[in-house]
Amino acid sequence: MKSHYRVVVIGGGIVGTSILYHLARRGWTDIALIERAELTAGSTWHAAAGFHALNDDPNIAALQSYTINLYKQIEAESGQSVGMHMPGGYSLATTPARWEWLQAECAVYQTLGIGARLATAEEIVADCPIVDPAGLLGGLFDPHEGAVDPHGTTHAFALAARKRGADVVLRNRVLGMTAQPGGQWRLESEHGPVTAEHVINAAGLWARRVGRMVGLDLPLTPMQHHYLVTEDLPALVARKDEMPCVTDLEGFTYLQQERKGVLLGVYERNPRHWKTEGAEWDYGMDLLPEDIERISPELAIGFQRFPSLLEAGIRKWVNGAFTFTPDGNPLVGPVPGLRNYWCANGCMSGFSQGGAIGKVLADWIVDGDPGADIFGMDVARYGSFASNDRYLRETTAQFYARRFVIAYPNEELPAGRPLKMTPSYDAQQAAGARFGVVWGMESPQFFAPGEPDFVEEPTLRRSNAQRFIAAEVAATRAAAGLLDTGVYARYEVSGPGAERWLDGLLASTLPALGRVRLAPMLSPSGKLMGDLTVTRLAPERFWLVGSYYLQQWHLRWFNDHLPPSGVRIDNLSESWLGFSLSGPRSRDILARLTNADVSSAALPFMGAGAFDVGMTRAIVARVSLTGELGYEITVPAAQQRALWDALTGIGREYGMRPIGMRAQDSLRLEKGYGVWSLEFAQSYTAAMCGLERYIAFDKGEFIGRAAALAERAAGPAQRLVLLEVDSADADVSGFEPVMAQDRRVGFVTSGCYGHHVRRSLALAYVDADIVAKSPGLAVPVVGVSRPARMLAQPPYDPLGLKARS
Ligand SMILES: Cc1cc2nc3c(=O)[nH]c(=O)nc-3n(C[C@H](O)[C@H](O)[C@H](O)COP(=O)(O)OP(=O)(O)OC[C@H]3O[C@@H](n4cnc5c(N)ncnc54)[C@H](O)[C@@H]3O)c2cc1C
């Protein structure tokens with residue numbers, strides 16, 4: 001071991017070795033991996049090491065495909081076998097709901113080019129004769145499913161990295177580390193101190209303990225997981241080729257061939273955590289005691305589905321631990337507030353995702369950019385709230401127990417709730433609010449006034465809550481709707497130099513005093529980093545409004561680009577709260593609550609001011625996402641309840657209703673407005689999504705200008721368009737392919753029913769040449785192809801006169 005490295009990776013599991021390999025492949029050779037014991041000594045050695053390409057997040061699915069494609073390459077490069085088998089795998093449907101869900105999923109996988117296909121029950125049983133066909137309706141076949149040898153794969157990564165010049169230091173525990181004034185880290189290890197420019201925590205089961213060395217409390221926890229391996233099965237002994245893997249989704253089990261027997265793994269509904277703080281330092285390569293009684297309900301279903309297992313002996317039981325995060329995705333990337341400290345933790349699918357995590361992290365360190373939209377696995381997607389012990393236990397248990405349970409787009413899950421509430425939560429609940437959750441914050445989805453027993457059914461189709469959503473849309477279009485903006489983030493940027501700094505950070509011009517402007521924020525590669533609304537409250541005082549759940553992500557970006565002094569950023573997201581009031585009567589309502597002149601002349605469209613509303617001291621911006629005349633009214637958090645009382649008290653006289661996010665979605669799609677994470681995201685550019693018109697190319701230098709200029713010259717490959725879909729009882733939900741005859745020409749970003757215009761609407765990215773030709777299109781809705789057409793203009797108020805009225 002040398003005394004100084006450019007990068008030190010802590011942990012020699014599948015993730016750490018992949019990072020080392022990818023850094024070496026990028027030409028960084030002054031790098032080392034330090035491992036406490038032997039390579040694979042954490043979760044990795046006893047993994048079932050199955051892999052698959054399917055994932056609900058298409059960006060992560062693409063990264064999983066990358067991982068799978070890499071195995072042959074590292075085998076060739078290292079000369080070490082990875083023991084890869086890829087017979088493909090079936091996910092079984094044994095209920096009509098599951099069968100419908102798989103058909104819908106299959107359509108989405110077409111967008112990703114994964115090549116998944118539907119299979120009949122007969123095909124599945126012919127291919128996998130140990131499957132009992134009772135109740136089997138069909139399944140989804142993923143050709144990229146299989147397994148590797150965990151030991152061989154980890155060693156292949158390490159060997160390939162060493163061949164390229166990287167060091168691997170074994171039996172050397174990292175004991176602690178301190179940040180040096182120059183931005184480096186000094187690590188204390190059993191073999192002595194070592195200095196590193198960058199440190200990567202890839203400590204798997206020990207990640208929380210390694211995080212605590214620098215005061216970091218990671219939201220992850222180990223959990224137990226069982227599988228068993230059988231003796232040979234006659235049906236497999238007789239067979240020459242390998243049987244595909246099988247996941248019995250309703251049975252909570254997965255199965256893969258292991259020699260001439262099978263490996264059966266269980267995702268039980270009654271999961272158990274294991275050492276939430278992480279494994280002890282002296283934890284060896286030991287198995288945990290089996291807890292067969294606890295998993296027996298799922299095992300019983302497994303033996304019914306695979307009856308020949310009852311006759312086979314069990315060769316071994318494995319109960320091991322690996323780490324889970326609240327949403328089951330890993331925590332990857334630079335940790336906000338810790339210079340040159342990187343995470344690659346919480347990875348529960350090391351053999352589907354480890355390769356990609358290595359690539360993303362290496363690209364991020366070398367290029368300053370992960371090279372893909374990886375928000376779904378970014379360490380900055382959580383805040384400190386998620387590391388609370390109870391929150392973590394509840395959410396990870398919920399994820400584990402629901403690993404194979406259908407996730408419906410309209411379903412709100414109960415774990416870790418309610419945690420954060422705006423002061424008017426109780427009042428909104430009394431008014432019939434049904435809440436969802438964003439980043440721990442309760443957010444009304446819709447109101448069911450006077451129907452305390454109403455329960456929304458989880459469904460892929462329009463739900464039984466549509467009548468409430470329709471009423472909220474109608475009230476907003478005819479009178480006014482009131483939406484809690486607790487799920488908006490707010491930042492105040494102030495101090496000498498604030499204007500100059502923001503001008504370089506944002507791609508638009510800055511608003512004049514008392515004005516609001518939509519400001520795209522770009523990365524150097526021209527990709528979107530934000531769709532912020534900027535208000536100038538004083539010459540050097542600005543408010544930036546964005547998405548609540550992006551706080552850590554945005555603050556990391558701001559702080560990474562902050563000038564040395566003068567400019568100050570205050571996160572007001574939880575200290576200021578408010579409402580969005582919109583609809584044709586919203587000015588009348590506001591006027592009744594203030595002495596300020598709120599006429600269009602005094603407070604025009606995209607104008608802003610600070611004035612009293614009821615008893616509150618408010619910042620009011622004349623903007624709305626509904627396409628109506630509207631105002632965002634923001635007050636100190638403790639006054640939000642008083643604001644609710646004032647607005648609902650007067651609003652009632654004008655026909656105003658409280659509304660939820662579902663109504664807002666319907667209203668915004670009728671206007672063709674995009675929102676972050678759906679239409680606007682790190683993988684898209686301003687030219688693609690139509691935000692280019694807000695870019696001030698001639699204002700001078702700003703981040704991403706050169707890339708945006710280049711794209712303007714060449715034109716984007718795809719454009720965001722609004723579609724009308726012929727569908728009577730369901731709407732698209734996202735990532736369905738857009739087809740022109742038999743050619744895939746794009747994909748859907750979001751969709752829902754436009755209750756006012758009475759049409760099924762969708763936003764989609766479509767190939768630019770297709771946009772120009774505007775042919776007839778088709779989109780699968782819940783797996784069934786439906787005609788669709790592009791709309792040249794939004795179906796509601798195409799000239800935008802209402803918002804300006
Ligand atoms: C029973 C079971 C079945 C599984 N099945 C599958 C499957 O089918 N497919 C799949 O994809 N995944 C599966 N997994 C999960 C998989 O094992 C993990 O996703 C993966 O191993 C995580 O790898 P890692 O490198 O992040 O962590 P680990 O394997 O835990 O590696 C972390 C390493 O860091 C080292 N370390 C920790 N602290 C220090 C320190 N202070 N100094 C130096 N070194 C340190 C440890 O010794 C360890 O070697 C399974 C896991 C189990 C237990």
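**View 1. Seven bridges join strand E23 (516–522) to strand E24 (residues 528–538), and the two run antiparallel.** This is a predicted model, where local features need pLDDT of at least 70, side-chain atom pairs count only at pLDDT 80 or more, and totals for chains, interfaces and linings use all residues. Residues are numbered from 1 along each chain as its sequence is written, and side-chain values use heavy atoms, with hydrogens and water left out. Helices (H or I, at least four residues) and strands (E, at least two) are DSSP runs, numbered from the N terminus; two strands pair if DSSP finds at least two bridges between them. Look for Val 516, whose bridge partner in E24 is Thr 535.

View 2. Angles run from 0 to 180 degrees between N-to-C directions, using axes fitted as lines to C-alpha atoms, for helices over the stretch in contact. Contact here means heavy atoms within 4.5 Å.

**View 3. A second open sheet has six strands and mixed pairing.** Read across it and the order is E28-E29-E30-E27-E21-E31. Strand E28 (608–613) and strand E31 (656–658) stand at the edges with a single partner strand each, so one side of each has no neighbour in the sheet. From one strand to the next, the twist averages 25°. Strand E29 (616–621) and strand E30 (630–636) run antiparallel and are joined by three bridges. Ile 619 stands opposite Thr 634 in E30. Helix H16 (residues 640–651) packs on the sheet, where it touches strand E21 (480–484), strand E27 (576–582), E28, E29, E30 and E31. The direction of H16 makes about 15° with that of E27.

**View 4. The structure holds one cavity of 30 Å³ or more.** The largest cavity has a volume of about 110 Å³. It is lined by 14 residues, and those closest to its centre are Trp 543, Val 545, Ala 621, Glu 632 and Thr 634. E22, E24, E25, E29 and E30 each give two or more residues to that lining, and E29 gives the most, with three. By class, the lining has eight nonpolar, four polar and two charged residues. (Ala, Val, Leu, Ile, Met, Phe, Trp, Tyr, Cys and Pro count as nonpolar, Asp, Glu, Lys and Arg as charged, and the others, Gly among them, as polar.) On a 1 Å grid over the protein atoms alone, a cavity is a set of points where a 1.4 Å probe fits but cannot get out, a pocket is an open set with protein on both sides within 12 Å along at least five of seven lines, and lining residues have an atom within 4 Å of a point. Grid points are joined across faces, edges and corners, and a volume is the space filled by probe spheres set on the points.

**View 5. The second largest pocket takes in about 840 Å³ of space.** There are 35 residues in its lining, and Pro 334, Trp 364, Gly 368, Trp 557 and Asp 560 lie nearest its centre. H14 gives the most, with five. The lining of this pocket splits into 15 nonpolar, twelve polar and eight charged residues.

**View 6. E36 and E37 form a hairpin with two residues between them.** In the turn, Val 782 has a positive phi of about 45°. Strand E36 (residues 777–781) and E37 pair in the antiparallel sense over five bridges, and Val 781 has Val 784 as its bridge partner in E37. Strand E37 (residues 784–791) also pairs in the antiparallel sense with strand E32 (residues 718–725), over four bridges. There, Leu 722 stands opposite Leu 791 in E37.

View 7. The peptide bond from Arg 417 to Pro 418 is cis, with omega near -15°.
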